[in-house]
Amino acid sequence: MLDEILRIESLCKYFPIKRSIFSRQMDFVHAVDNVSLSIDRYEILGLIGESGCGKSTLARTILRLTDPSSGKIYFNGTDLISLSGKDAMKVRRNMQMVYQDPVLSLNPKRTIIKTVGEPLTIHRITKGSELRKRVLDLLENVGLKKEHLYRYPHEFSGGQRQRIGIARALALNPSFLILDEPTSALDVSVQAKIINLMIKIQSDYSLTYLFISHDLRVIKHVSHRIAVMYAGQLVELSNNKELFANPLHPYTQELLSAVAVPDPERKRKKVVLKGQVPSLVNPPSGCRFHPRCTEQMGICLKAKPEFKEVKDSHFVACHKF
């Protein structure tokens, strides 16, 4: 039996909004709606989907950077929703995040030694010369050098800034990292180096990753399993090889058909979606994908499909199955 490190059950996050300035009636953005998922220790789980589908909100909710509207989050068997104060702070040492934009995620007024060393100071782990040594070790592990300790973020390239963000995430020796599109803001020439660095770190530090990206080539390269998200809900989950060889949900099929193939002679069926991404304030009834689905049936408009296992460890939310 595999060792489960994270499990979320029926997780929801709704953001309240007023219909107008003078209205008391509230609507809600259904950013994450009834998501259940588990991640095994030492696994890299990829999470894909269009921009605005709720990937980053799910990540922030798992870390309790924003509190869920309902549902459960278990980390190493501990219910994170019930924790507060020192208990929550103790657990959070083991859960860290690498952000999408390495420019915005670093304080421009702080030197790198203060930025990377801040978690060690907050958690009262070390200080003084020991802190300097620990920060230097972290920087060297991500490919930076001693002379970078007292520089400011604006003195680094995008790839170097992301390395600093990774070093900061590793400062407390966590067991679980959420990587929120960590290469999307980088030049193509730099992306491969950062991806290879994160794969090496995952092995060296025995880490578990939730790797969020809209780049399917990156996800295919790094992930053991892949979850597909659409309009705040999971629509498919499978291992890497199975998902790319046999995608079941029409939305997944469309995503994979959009990936460029480096072979001009190879022919394949192109799936083109109609319509627009639905509003998360007033999502469609039944299956949220049905307004854009070329295979919709009558039941798709009325009933929400169950997210269920249709093959060995291959889950899908579609009435076809």
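Modeller: Axes here are lines fitted to C-alpha atoms, for helices over the stretch in contact, with angles running from 0 to 180 degrees between N-to-C directions, while helices (H or I, at least four residues) and strands (E, at least two) are DSSP runs numbered from the N terminus.

Biologist: Which residues of helix 3 and helix 4 meet?

Modeller: With contact meaning heavy atoms within 4.5 Å, I112, I113, V116, G117, L120 and T121 of helix 3 meet L131, R132, R134, V135, L138 and L139 of helix 4. The residues of this contact comprise 8 nonpolar, 2 polar and 2 charged, where Ala, Val, Leu, Ile, Met, Phe, Trp, Tyr, Cys and Pro count as nonpolar, Asp, Glu, Lys and Arg as charged, and the others, Gly among them, as polar.

Biologist: How many disulfides does the structure hold?

Modeller: The structure holds 0 disulfides, a disulfide being a pair of cysteine sulfur atoms within 2.5 Å. C287 is in none, and the nearest cysteine sulfur, that of C300, is 5.9 Å away.

Biologist: What makes C287 and C318 count as buried?

Modeller: Buried means under 20% relative accessible area, exposed means over 50%, and partly exposed lies in between (1.4 Å probe, protein chains only). C287 has 12%, so C287 is buried, and C318 has 11%, so C318 is buried as well.

Biologist: Is L83 buried or exposed, and why?

Modeller: L83 is found in the loop between strand 5 (78–79) and helix 2 (85–92), and because its relative accessibility is 16%, L83 counts as buried. Leaving aside neighbours within four places in sequence, L83 is in contact with R64, T78, A88 and V91.

Biologist: How do you know whether H221 is buried or exposed?

Modeller: H221 has its place in helix 7 (residues 216–222), and its relative accessibility is 51%, so H221 counts as exposed. Apart from neighbours within four places in sequence, H221 is in contact with I195, N196 and I199.

Biologist: What is the phi of R124, and what is the phi of A231?

Modeller: Phi of R124 is near 55 degrees, a positive value in a residue other than glycine, and phi of A231, also a residue other than glycine, has a positive value near 50 degrees. R124 lies in the loop between helix 3 and helix 4, whereas A231 lies in the loop between strand 9 (225–230) and strand 10 (233–239).

Biologist: Why is R124 called exposed, and why is A231 called buried?

Modeller: R124 has a relative accessibility of 77%, so R124 counts as exposed, while A231 has 3% and therefore counts as buried.

Biologist: On what basis are residues numbered and values computed?

Modeller: Residues are numbered from 1 along each chain as its sequence is written, and side-chain values use heavy atoms, with hydrogens and water left out. In this predicted model, local features need pLDDT of at least 70 and side-chain atom pairs count only at pLDDT 80 or more, whereas totals for chains, interfaces and linings use all residues.
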